[in-house]
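Dear colleague,

I am handing over the structure below, and after it you will find notes on the side-chain contacts. Please read them with the coordinates open beside you.

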Amino acid sequence: MRTKLVAANWKMNLNWNEAMTHIAQIHQFLSENANAADVALFPPAIYLRHFFEHNAMHGPKFQLGAQDCSEHVNGAFTGELSAEMLASIGVQLCIVGHSERRLYHREESARLQLKLKRAIEMGMHPIYCCGESEEDRENENQSFVISAQLEQTLFALNPEAFAKITIAYEPIWAIGTGKTATADQAQDMHEMIRAMVQSRYGEELATRLRIIYGGSVNAANAKLLFSQPDIDGALVGGASLKIEDFGKIILAAN
Ligand code: PGA
């Protein structure tokens with residue numbers, strides 16, 4: 001019913017030569033393997049236009065996404081990239097609210113709301129990340145934290161804008177730690193998120209919404225995660241950087 005999405009968040013990894021090698025391997029893999037999932041790549045912004053051209057030249061094989069965009073329209077914001085700039089070079093998706101941005105760049109609800117707005121105004125589809133800390137999980141506060149993150153940011157969107165969203169549930173304690181949430185833990189949270197969306201936006205949008213999981217997804221655990229009814233794919237960090245692992249994760253979504 002919902003097509004799975006396997007998204008590669010490269011973060012700040014791979015220099016130009018490494019990135020060129022990896023993109024060629026991903027293209028070859030996607031050409032040689034029939035896969036049922038949508039594949040999206042989120043390389044460092046400096047590579048985006050090249051990836052767009054590569055994709056266009058070799059027959060589009062993946063969707064292209066940015067790891068972040070500015071909350072401002074344009075102007076004197078040194079180092080920032082606007083949603084308009086990203087959209088104008090062919091970027092289709094944009095991660096908003098990744099926990100690393102929330103932590104290292106102090107991104108709070110008001111800024112995240114603006115980022116969502118900017119991305120949507122420019123025709124991009126945001127992947128909105130939410131997730132609880134280890135301490136919140138130990139204190140069994142995860143439902144409360146996620147519901148606050150959704151209420152304060154995402155649920156400000158009108159239904160038309162919300163229809164453009166993918167949600168990524170990424171428990172912070174599982175990101176880059178090798179500690180994946182169990183399939184049951186992830187499924188419980190995804191089910192809860194879908195129920196919250198249903199009570200805010202109704203059944204149709206809730207049923208259409210893709211909710212992907214992120215946090216130490218790898219070739220060994222992807223299949224079980226993807227077999228859960230409310231897990232519609234993955235946002236993959238570390239394991240997206242090697243074709244052997246990333247390829248297996250893509251095939252696990254078949
Ligand atoms: P990880 O990162 O797969 O390396 O845990 C996931 C993410 O941060 O999106």
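A salt bridge here is a side-chain nitrogen of Lys or Arg within 4 Å of a carboxyl oxygen of Asp or Glu. In this predicted model, Arg2, Arg194, Asp230 and Asp232 are linked in a network of such salt bridges.

The search of the whole structure finds 16 salt bridges, including one between Asp68 and Arg101, whose closest N and O atoms are 3.2 Å apart. Another joins Arg118 to Glu121 at 3.4 Å; these two residues both lie in helix H5 (residues 109-121), about one turn of the helix apart, and Arg118 is buried with a relative accessible area of 14%, whereas Glu121, at 42%, is partly exposed.

Turning to the rings, the search finds 7 aromatic pairs. Among them, Trp10 and Phe51 have ring centres 5.4 Å apart and planes at 80°, so the pair is edge-to-face; the two residues are 41 residues apart in the chain, with Phe51 in helix H2 (residues 48-57), and both are buried. Trp10 and Phe51 also belong to one aromatic cluster with Trp16 and Tyr47.

Finally, Arg200 lies over the face of Tyr201, at 4.3 Å from the ring centre.

Best regards

Conventions
Residues numbered from 1 in each chain as written. Predicted model: local features only at pLDDT ≥ 70, side-chain atom pairs only at ≥ 80, totals over all residues. Heavy atoms only, no water. Phe/Tyr/Trp six-rings, centres within 6.5 Å; stacked < 30°, edge-to-face > 60°. Helix = DSSP H or I, 4+ residues; strand = E, 2+ residues; numbered from the N terminus. Buried < 20%, exposed > 50% of the residue type's maximum accessible area, 1.4 Å probe, protein only. Lys NZ or Arg CZ within 6 Å of the ring centre and 35° of its normal.
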